[in-house]
Each structure stands twice: as C-alpha cells, then as structure tokens.
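Me: I have a structure open and want to go through a few spots in it. Can you take my questions as they come?

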Amino acid sequence: MMMSVSHNTVSAFNQANSAFHGEFHRKLATFNQQRLQPGFGSPSWQADLAMESKFRIMEGHFVEKQRAGVAALAAEAPRSADAFVEWFEGLRESGPGQGDALFPWLASTASMTDMRWFITQEIAGEAGFDDLVAMTQVKFPVQAKLELARNYWDEMGRGSAGGMHGPMLDKVAQELKLEPSIENTVWEALALANTMVALAANRRYAYHAVGALGVIEMTAPGRVSQINAGLKRLGVSAEARSYFQLHAGLDIKHSAAWNREILHSLVLANPLAARPIAEGALLRLTCGARCFERYRLELEV
C-alpha cells in the first residue's frame, strides 16, 4: 500500500532542507569573501590555514556531489574537437534552465519591486567574471591562455576604468538603491557563486571552470537582453543599464571566440579534456536553473 504524505509534511521538509542549504552556503560564501581578499600576512596563519582546510574539504564534497548529478549527461559529450564544440553549442538551446519563463516575465510584467529583488539576488550571487577568468588561466596552453587574456582585457574595460564590467553592474545597484548581502540572498544564488569560485580557485577543477565560464558567455545574451528590456520599461536610465546592454551583444562575440580558441584547442590537444569541460558547463547551467526556479517561486511567476 502506498503511504500518503501530507502537504504540511512536504512543506516542512522543504523548509528544513532549505534552511540546511542556506546555512551551509552562507558560511561558504563568507569564507570565500575572506579567502579572496588580498592580505598583509598574519601571525595566525597556521590557525587560518587549518580553518581554510576544513572549508575547502566541505567545498570539495559539495562540488563532487554536484558532479555526480551531471555525470551521465556529461559522459555523452564527444571527444573529438569539432563534435565537442557542436555538442557544447547545443547547450544554448537544450541545457538546463534555457528558455526559462522568468526572463520574458521580467521583460514584460515585473514590477519595480520585483526587479529590485531579482537584481539584488543576482548581484549577491555574482562571483566576478574577471577574477574567475584570471584564476582559471594559470598554466593553460598558449592558444587557450591568449583567448582567456583577451576576454579578461575586455572585462577590464581594455585598460579604462570607465569600461570595466564589474563597476558597470554597480551602477544599477546604485540607481535602484540596492543593498545586497549574504544574509538576504537565497541559498540557490549563493550556491551558484560558491560553485564558480570552487571551480576557478582549485586547480583540480581548472577544465571545469573553462566549461562553466564558457557556457556563461554563450547563454547570457538572451537573458540579459530581457533584463535590460524590463529595466528600460521601468524607467531605469541607460547608464544604469549599461552592463546589460553591453553583454547582450558582446558576449555573442566572446562565446564564438571562446568555443573556437579555447574549447576546440583544448579538446584537440587532449580529448580527455572534453569530460571535465562538459561537467563544468552542466554544473553552471544546473545552478542557474535552480536559481530561476527559486526566483519564480519567490516572485510568484
């Protein structure tokens, strides 16, 4: 006989599960903030290193659990360079979270209150693409490294502070008077940022980071163009929207170069690279899909 489970029981389980994930990812996000800050040296470095080791082991278990979740799909990725890039580009349409209903709704329907909440979550979950690229590029082969460098240079405004992409995102936060914080961010957004930092900061996941960063470049344009449309509809200034306007077009060029110069060259040089690159892309897409689902729940889309 099938046992029935009440709605209240399911709801209580979901709340408890969310609380567990929330506590873990808030702690990990706080650790990552401290971990990536430039330092002056510390007399407590041994104790700090022991604490860091504990967090990095927890981080590793988190990443490995996620890897297990995408392993079967990643195993389908071809190992020949041309076929792999074709498979990878197919994720733009068929990957987790693609075509989510959240973004047309943001473009056409979301209120300013809705949009402010959404952008706050996105900023709090932003790990810093420029820093992630910089950490990832270490010791990669020349062709891939050069494209990572070109991408980084664009992220840095090609040497102009006014063109740096990170500060552009700050402009919308300033105009909308947003105050993002770890404490007020849903765990799914923190998990996305924590995943990206884990992949870029640990050399054992370097190829995963290449896949995760590449899939961001490839899938972002459609989403950011709809966010920009929603912000424009709500009267947000062009200056504050500059981050979204820029990435709606530039990331298309970045993606083509990334797939050609980085993905193709790495898999051509070593077909074994296909699997971790595929896993990284799927990890990032899965994290994104989980965010979109939570956002729709919170915004009642």
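**A loop residue, confidence and a pocket**

Me: Where does Thr185 lie?
Reply: In this predicted model, Thr185 is in the loop that runs between α8 (165-175) and α9 (187-201).

Me: Is Thr185 buried or exposed?
Reply: Thr185 counts as buried, because its relative accessibility is 4%, and the cut-off for buried is under 20%.

Me: And what is its side chain close enough to for a polar contact?
Reply: A polar atom of the Thr185 side chain lies 2.5 Å from the backbone oxygen of Ser181.

Me: Which residues does Thr185 contact, leaving aside neighbours within four places in sequence?
Reply: Those are Gln121, Ala124 and Leu190.

Me: Changing topic. What is the average pLDDT of the protein?
Reply: The average is 92, and 94% of the residues score at least 70.

Me: Which element has the lowest mean pLDDT?
Reply: Helix α1 (residues 7-35), with a mean of 72, while helix α4 (residues 102-108) has the highest, 98. Over residues 1-14 pLDDT stays under 50, and the model has one contact beyond four places in sequence for that stretch.

Me: Now the second largest pocket. How much space lies in it?
Reply: About 380 Å³. The elements that each give two or more residues to its lining are α1 and α2 (45-74), and α2 has the largest share with five residues.

Me: Which residues lie nearest the centre of that pocket?
Reply: Of the 13 lining residues, Gln34, Arg35, Ser42, Asp48 and Glu52 lie nearest.

Me: How does the lining divide into nonpolar, polar and charged?
Reply: Five residues are nonpolar, five are polar and three are charged.

Notes. Residues are numbered from 1 along each chain as its sequence is written. This is a predicted model: local features need pLDDT of at least 70, side-chain atom pairs count only at pLDDT 80 or more; totals for chains, interfaces and linings use all residues. Side-chain values use heavy atoms; hydrogens and water are left out. Helices (H or I, at least four residues) and strands (E, at least two) are DSSP runs, numbered from the N terminus. Buried means under 20% relative accessible area, exposed over 50%, partly exposed in between (1.4 Å probe, protein chains only). A polar contact is a pair of N or O atoms within 3.5 Å; within protein, one must be able to donate a hydrogen and the other to accept it, and residues adjacent in sequence count only if both atoms are side-chain atoms. Contact means heavy atoms within 4.5 Å. pLDDT is the predictor's confidence in each residue, from 0 to 100. On a 1 Å grid over the protein atoms alone, a cavity is a set of points where a 1.4 Å probe fits but cannot get out, and a pocket is an open set with protein on both sides within 12 Å along at least five of seven lines; lining residues have an atom within 4 Å of a point. Grid points are joined across faces, edges and corners, and a volume is the space filled by probe spheres set on the points. Ala, Val, Leu, Ile, Met, Phe, Trp, Tyr, Cys and Pro count as nonpolar, Asp, Glu, Lys and Arg as charged, and the others, Gly among them, as polar.
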